[in-house]
Amino acid sequence: MRPILACQTMLFSADGASLERAYRIRLETLCKKGFQLMGSAVEKRYESTLPKIAIIGCGAAAREFCLPVLNRYRGFRNSVWLVDLSGPQAKSLASEFGVENYGSDYSCLPDDLAAAFITTPHHLHAEQAIHFLNQGQSVFVEKPLAMSALEVTNMIAAAEAGRATLMVNNCRRLFPSYCAIASKLHATEFGNIRAIRICDGSPFEWKSVSDFYLKHADQAKGVFLDRGAHTLDLICWWLSSFNETPQVVEALWDAMGGQEASMDVQLTCGSTVVELAFSRLFKLQNRYTVECDTATISGRLFNPTSIEITRQGKRQVVHVAKPRGYHEHAWQLIDNFIGVVRQTEEPFFKAIDVAPSISLIEEAYRKANAFDMPWYSSDPNIPWLRQQFSGQLSHNVFK
Ligand SMILES: NC(=O)c1ccc[n+]([C@@H]2O[C@H](COP(=O)([O-])OP(=O)(O)OC[C@H]3O[C@@H](n4cnc5c(N)ncnc54)[C@H](O)[C@@H]3O)[C@@H](O)[C@H]2O)c1
């Protein structure tokens, strides 16, 4: 067994603590190494022919993340199969990138397909990933990995049964800034973590081709699953060296039976308090603050290359890498997946590493209550509205 796989397997054994630490260090080293893999080494990888790969879902994620990377490889035009429920959508993306094979169902796929990217709406990730994993084909799923912990369990079981690799596009794990924070926290460089605060909010501007994000609560839930898939994963990763598991204390939202556009979540992990705010309506501060015993680490949420450290009232900006765009981290992870499919690389991280965040997201949704919205409760029209919408609104805001 190769070293990292050995570490991952033993991570769940009885004597987990020291092995878990060894695994984490290995993981952080791999992420850093991946980030440093530039220049000729990167160019060389594109000289070899791409394995046969399917992309399921031909919307914005396929266009922005997968195809710009895959088309750097030799044989790209004949090695990629584009599948979308909408035939015209598959055709349109195929013609944009010069891909020869496309269709509206799996019947167009070759028997010797090596791997698949799942870039469909959230609620399809588990079912579609399992389809390919069962056939022994490795899968790279867009985030969120799945809608529930049960789906994650089933996906991981399918990957094990099919002896295939399951990866997920939680590409913020590759931000050098976040890797640096993880290293410092795991080494307890600044003592214990007292509090983590993250605000993540901006009006919805992602150019998705379908309406699932905003119109179908059953397919996407709301802002918390969308943005929280990254943020909660960071929290779980950063707190992973402590023996405690993060728990949801309170979750407040504005869903009223549909999709939430704002959600505030409070967690605890031992004595650490975590406060999170998400919005799709407004631009929030979009910063993180990690308050430790002897210093506070903070920074802009989407800044992958520098962090701020404040000690005894003095703030220092630490540049941990050269400036780099958001998409490049996703592209780097996709390159890594191709290397994994070819069996020339180990995964920077696997889907199983992200599993705790999906459980936490599910718990927060289960516990969510409405924000205090006095503009509803004090409105004299409310009794009439309650009557009109009786049975249609599952939420208690009109009670
Ligand atoms: N990692 C990130 O930071 C990041 C960023 C953006 C999107 N995403 C994720 O990518 C996924 C897709 O998002 P998007 O913005 O590309 O959506 P999109 O609406 O642009 O595209 C989705 C596509 O899937 C197709 N589709 C729907 N049902 C299908 C089915 N049964 N089989 C095949 N195709 C089907 C639709 O026709 C559409 O073309 C989401 O889960 C989203 O969270 C991740």
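The legends below describe close-up views of a predicted model.

**View B. The open sheet of six strands.** The strands follow one another in the order β3-β2-β1-β4-β5-β6, and their pairing is parallel. At the edges stand β3 (101-103) and β6 (166-168), each of which has a single partner strand, so that one side of each is left without a neighbour in the sheet. From one strand to the next, the twist averages 15°. Helix α7 (residues 125-134) lies across β1 (53-56), β4 (115-118), β5 (138-141) and β6, and runs at about 160° to β5.

View C. Strand β2 (residues 80-83) pairs with β3 in the parallel sense, over three bridges. Within this part of the model, Trp81 stands opposite Asn101, a residue of β3.

**View D. The surroundings of Arg77.** Arg77 has its place in helix α5 (residues 76-79). When residues up to four places away in sequence are not counted, Arg77 touches Gly98, Val99 and Glu100. Although Arg77 and Glu100 are 23 residues apart along the chain, their C-alpha atoms are separated by 5.8 Å. Arg77 is partly exposed, because 14 other C-beta atoms lie within 10 Å, a count that falls between the limit of 12 or fewer for an exposed residue and that of 20 or more for a buried one.

**View E. The open sheet of nine strands.** The order of this sheet is β14-β13-β12-β11-β7-β10-β9-β8-β15, and its pairing is mixed. Its edge strands are β14 (314-319) and β15 (369-370), each of which pairs on one side only. Helix α9 (residues 176-186) lies across β7 (193-201), β11 (287-292), β12 (296-300) and β13 (306-311), running at about 35° to β13.

**View F. Strands β8 and β9 with helix α14.** Strand β8 (residues 247-253) and strand β9 (residues 262-269) pair over six bridges in the antiparallel sense, and Leu267 in β9 is the bridge partner of Val248. Helix α14 (residues 351-367) lies across both β8 and β9, and runs at about 55° to β8.

Key: Residues numbered from 1 in each chain as written. Predicted model: local features only at pLDDT ≥ 70, side-chain atom pairs only at ≥ 80, totals over all residues. Pairing = 2+ DSSP bridges. Helix = DSSP H or I, 4+ residues; strand = E, 2+ residues; numbered from the N terminus. Axes fitted to C-alpha atoms, helices over the stretch in contact; angles between N-to-C directions. Contact = placed C-beta atoms within 7 Å.
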